[in-house]
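Hi,

Here is the structure I promised to pass on.

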Amino acid sequence: MTTVWYLFLGAMIATYVVLDGFDLGVGALLRIVGRTEEERGRVTDAIGPVWNGNEVWLIAGGGVLFLSFPRAYAAAFSGLYFGMFLVLWLLIGRGLALELRHQLDNSLWHAACDTVFWLSSAALAFVFGVALGNVVRGVPLNAQGYFHLPLFSILNWYALLIGLFALAALAHHGARFLAWRTHGALGVRARGLARVLFWPQAVLFFLLAWPTYHVRHATLTHLTNRPWLFVFPAIAIGALVATWVFQHRAQWQHAFLASSLFLAGMLASAAAALYPNILPARQGHPYGLTIHTAATGHHALVVATIWWSIGMVLAITYFTVAYRTFLRPKVDVTYGDGD
Amino acid sequence: VTNVVTVDRWQFALTATFHYLFPILTMGLGLFIAWMTTVSHWGRDNHRFRPFRKSAIERERYESAARLFAKIFAVNFAVGVVTGIPLEFQFGTNWARFSNYAGGVIGQTLAMEGVFAFFAESTFLGIFLSGWGRVRPRLHWVSAVMVFVGSWVSGFFIIATNAWMQHPVAYSGNGTHVQLKSFWGLLSNPWLGWQYAHNMSGAAMTGAFAVAGLGAFYLLLNRHHEIARVCVRAGVIAALILCILQIFPTGDRAANNVANMQRSTFASMEALFHDGRGAPLVIIGNPDTERRTLESTVEMPHFLSFLTSHNWNQELTGLNSIPTRDWPTSVPLVYYAYHIMVGLGTILLVIAGVGFLMLRRARIYTSKAMLWALMLAFPFTYIANIAGWITAEAGRQPWVVFGLLRTNSGASPVAAVPSGVALFTLIGFLGLYAAIGVLFPMFIVRIVGRGPDEVPESTSPAEPAELQPAS
C-alpha cells in the first residue's frame, strides 16, 4: 500500500512539473520571446486560463504528501524552512502578477507585472530544482526525524546544479509550448528558442549523472540491482531524441508532448533511484525516512485509495474540458504580423 | 517575541485571518453568481418555477449583474488562492509536530480539499471568466455552478479538518501519533454539520449584503437603476433568510455543541466564572480575569441556561472549576470576539428585516436612510465572520487538538525552526499583506466605479483580456 502511494505521489508531482512546467518556462522566457508590451500580453494570454489549474497539482500534491507520508511532510517543510517560504512568496507574487496584469490598462503597471512574472517564474523553476537536489542529496535528519538547513546550506553546490538544470529544462519546455501555440513573429522567435534551448538541458541531463552518483552512490546501485528500472532513464533519453526529431520535422505539437514525456521520464528515474526513501539522510548518515517509516496508517491509505481514484477521474475530466476549450484557437491566429 | 511558539501563532493568526477575508466573499458571491447565471440561463417568460419566470429584459439585467460580480469575484478569487497556499505550507513549516501528530487523520480532509475542490474551482473558473460568447451557453452555466460547488466543497473539507481539531473523533493512537480509525466517523463528526452550516450561512450573508450593498450604492449615486434594483431586492431577501438561519438553527446548535463538548471555551465566551444554576446571558460587560469577575454588565437573568439547555435553571460550568492551565490563553479575547459576532449578527438581522418590509411597494429603492444602512452593513459582515472564527480558534486554546495536543507541543521543534527564522517570515508576511491590502481595494473600487455594462452584448470587450484571442 505504501508503495502504491509512493507511485500516486510521484504521478501527481510529474503531472505538476509537466503542466505547470510549461507555464513556468513561458514565464521565464517572457522578456526574451516577447519584445513589446503587446507581445508580452499575448504570451501571458497563451497560459492565462490554464496556469491556475496547473498549479493546483502542486497544492493537491502537497495535500497528498501530508496525507500519505505526514512525517516526511513535517520534516521536509520545517527543515527547508527558508526554501519553502521562498517558494511560497514567489508563488504569491507570480499569481498576483498574472491575475492582476489586465486589471489596469497602464504600461507601467504592465511592465511591473511582467517583471514580477518572469522573475518569479524563473526563480521558481530554479528553486524547485534546488529542492529536488536537496532531497536526492539527502538531509541531516536527527533521531527525532527533524533537521534544520540554513539558507546557504539549502543552496549547496549539488542543489544549485540541479536548480540550473531545472531552469534549463522548464525554459525549454515552455519554449516548446509557445512554439506550438503561437503564430507570427512571436511563433518564429519561440521556435528558434526551442531549438537553441534543446542543447543546455540535454547536455546538463547527461553531465549531472556523475555528481548525482557522487552525492548518493545508491542512486546507481539501486538501479543496477533491479535492471528493469532502467526503463525510466531509457524513456527519458528516448523522449529527448524524439523531441529533437519532431523539431527537425517542424511537428511542434509532437515536440511538446515528447518534451513532456522527457520530464516525466526523468522524474520517474529519480523516484526509482530513491525508492524506498522518501526523505533520505545525507550519504553515510542514519535516520533517513523511508516510505515505511513515514507512512500513515493502513486504514487511512486504503480509504484514500478509493476517493483519490474517483477524484483523479474527475480532475482529468475537468482538465480535458478546460484544455479542449482553450487549446482550440491558437493564440493570435488573426494577428497579421507575418507567418 | 523570543518564544518560537508565540511567533508561529502570530504568523498563523495573521495569515489565516487575512486569507479568510477572501474565501468569505468567494463562497458568498459564488452562490449569488451561480444563482444569477442560472436565472438568466434558464429563465423564461412563462416558467413554471416562479423565481425563473423572467422576461428577456429581466434576464439581461441578471446577466449584467452576474458579469459585474464575476469581475469582483475574479480579483477576490486570485487573492484568495495566493493567500491560501501559505496555510497549507505552514502546517509543515511552523507546525511540524502537529502535522506529524495529526497528519494520519486530518491529512485525509486536507488532501480531499485539493483533489475534490481545487481542481473543479480552478478549471471551471477559467472557463467561466472567459465565458460569455466564447463557450457554449450551457457549458458556461455549468462552470458558474461548478465554481460555486467547488468553493463550498472546499469549505466543507476545511471545516471537517477544523471540526476534528475542535472535537477529535474516529482516531486511535498513542502519545506521538494518531491514526484514522474510521473514515465515516471523521465525516460524521457531531461537531462538523452545524459548524459547516453556521460558517456557510455566514459567508452567504456577506455575499447577500455585498449584492444588496452594491445595489444600494448605485441607487444612492443615481446610476444603473434597473440592475441596482435587482441587486437590492435579491440581496435583501437572501440576507433576511440567511440572518435568520445564522442565528437559528445553525448558531444555536453550534453554541450548544461548544457548551457540551468544550466547557472551557463556552465559559470563556460568556466570561462565566462561577458555576451555578440559572446563569444569566450577558449583553454588555468587561471580563476581568485577575479578579475573576465581569464588570459593568447588562444581563438577562437565566437566559444563558435556557438557551443552552432549554431549561431555565440548568447548571453551567464556570471557569473557576476549570484549572487555569486549561483556560484559553486569552479569555477576554474569546469573550469579546463572541460578543462582537453576536451583536453584529443581531444588528444585521434588524437591517435585513426592515429592508425586507420596505420592499413592499418598492419603498426601499427611494429611502436614503435604508440604502445607506445597506451599503454600510456590508463591511460589518466581515467583522462578524472573522470574530466568529476568533471565537472558535482562540476558544480552542490552549489546545491545537482539543484535549489531545497542546498548542505548545504542536509547533516545529527549535532544532528545525529557530524563532529568529520564524520572526523573519512573520515580518515578511506583514509587508507582503500590507501591499496586497492596498492593491486589492484599489482594484475593487475601480471595478465598482466602472459599473455594469448597461447593454449586455454577446461578445464581451470589457472582460479580462487574458482570455480573449487578440483581434
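**Salt bridges**

B:Asp252 is buried, with a relative accessible area of 13% (buried means under 20% relative accessible area, exposed over 50%, partly exposed in between, using a 1.4 Å probe and protein chains only). Its salt-bridge partner is B:Arg253, with the closest N and O atoms 3.1 Å apart; a salt bridge here is a side-chain nitrogen of Lys or Arg within 4 Å of a carboxyl oxygen of Asp or Glu. B:Arg253 itself is partly exposed, at 25%.

Before I go on, some housekeeping. This is a predicted model, in which local features need pLDDT of at least 70 and side-chain atom pairs count only at pLDDT 80 or more, while totals for chains, interfaces and linings use all residues. Residues are numbered from 1 along each chain as its sequence is written, chains are lettered from A and ligands numbered from 1 in the order in which they are written, and side-chain values use heavy atoms, leaving out hydrogens and water.

Over all chains, the structure holds twelve salt bridges. One of them pairs A:Arg189 with A:Glu39, at 2.9 Å between the closest N and O atoms. That pair links distant parts of the chain, 150 residues apart: A:Arg189 is in helix H10 (residues 184-207) of chain A and A:Glu39 in helix H3 of chain A (helices, H or I, of at least four residues and strands, E, of at least two are DSSP runs, numbered from the N terminus). A:Glu39 is buried, at 7% relative accessible area.

Back in chain B, the side chains of B:Asp288 and B:Arg291 also meet in a salt bridge, 3.0 Å from N to O. B:Asp288 is buried, at 12%, whereas B:Arg291 is exposed, at 62%. There is a network too: salt bridges that share partners join A:Arg40, A:Arg101 and A:Asp114.

**Where the two chains meet**

On the side of chain A that touches chain B, helices H3 (37-47), H4 (51-68), H5 (70-79), H6 (81-100) and H16 (298-326) of chain A each supply at least two residues. The largest share, 17 residues, comes from H16(A).

In total, 65 residues of chain A are in contact with 76 residues of chain B, contact meaning heavy atoms within 4.5 Å. The two chains bury about 6,200 Å² between them, 75% of it on carbon and sulfur atoms; buried area is the accessible area (1.4 Å probe) that two parts lose on being put together, summed over both.

**One spot in a loop**

B:Gln314 is found in the loop between helix H9 (303-309) and strand E6 (315-316) of chain B. Is B:Gln314 buried, partly exposed or exposed? At 28% relative accessibility, B:Gln314 counts as partly exposed. Not counting residues up to four places away in sequence, B:Gln314 touches B:Gly276, B:Arg277, B:Gly278, B:Ser305 and B:Ser309.

Cheers
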